[in-house]
Structures are given as C-alpha cells and as structure tokens.
Amino acid sequence: MERAAVFDARFYHEVLPERLLAECKLRPGDTLVVVLQLADGAALDLCHLVHLGEEWFSVQYFRDAESCDDMDLAFLPYELVKMVTVSLRHPSARRIGFSLKSEPDGKKGTA
C-alpha cells in the first residue's frame, strides 16, 4: 500500500497560506522565508508557488538566497518534500522572501 504525500496539494493551497498569514501578523515588517527540504538532501528557498497539480507541483525558488537575484523553476512530485520550514527575517538580513501574492494558477493571495 502506497503512502500518500504529507505535503500534498491541500497542504500548499490551504494549510500553508493560513499558517504563513498568522506568522506574518506576528511580525509584519519582517521578510517571510519558506524552504522545502527534499528527500535527496537539497533545499529550495521558495519565491512562490506556480502550479499545484494532482501528482506534482511547481515552484519558483531562489538560486542564491543571499542575493535573491536569480530564480529557477522546479517541477516536483509531492512525496519528494520531507520538511517545510517557515521563518521570518529582518529586512536587513533578507530583502526578498516568499510571496503569497503569486499563488498557484494565477490566483491572488492576501499577504
């Protein structure tokens, strides 16, 4: 019996945005940082979610979290994600972070 992915489309569409909005209300001037830890040991520092499909999703992520100048597009199966971390950084330490404004499939968020 195959186990369903813990971080499925519902998580990214409902649970994560709710949690992020709650965190941002605690420290509204800080930069939101969301990192996906993958099963292969890689970590993706997310800019935003692009698409949520049934079996896979796509994200824009920062190639270099220090500069936040370049981004890459990744297509991932949900089960590859083993952990999602959320943090808030002072703008002097991190100028750009995760954005809820570019939600999957062009839907606009509120953060």
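Strands E1 (residues 31-38) and E2 run antiparallel and are joined by three bridges. Strands here are DSSP runs of at least two residues, numbered from the N terminus, and two strands pair if DSSP finds at least two bridges between them. The model is predicted: local features need pLDDT of at least 70, side-chain atom pairs count only at pLDDT 80 or more, and totals for chains, interfaces and linings use all residues. Residues are numbered from 1 along each chain as its sequence is written, and side-chain values use heavy atoms, with hydrogens and water left out.

**E1 and E2**
- Gln37 has Ala43 of E2 as its bridge partner.
- Four residues lie between E1 and E2 in a hairpin, and Gly41 in the turn has a positive phi of about 95 degrees.

**E2 and E3**
- Strand E2 spans residues 43-52, and seven of its 10 residues are buried, so E2 is largely enclosed by the rest of the structure. Buried means under 20% relative accessible area, exposed over 50%, and partly exposed in between (1.4 Å probe, protein chains only).
- E2 also runs antiparallel to strand E3 (residues 56-62), with six bridges joining them.
- Leu46 has Tyr61 of E3 as its bridge partner.
- Three residues link E2 to E3 in a hairpin.

**Trp56 and the surface**
- Trp56 is part of strand E3.
- Trp56 counts as partly exposed because its relative accessibility is 38%.
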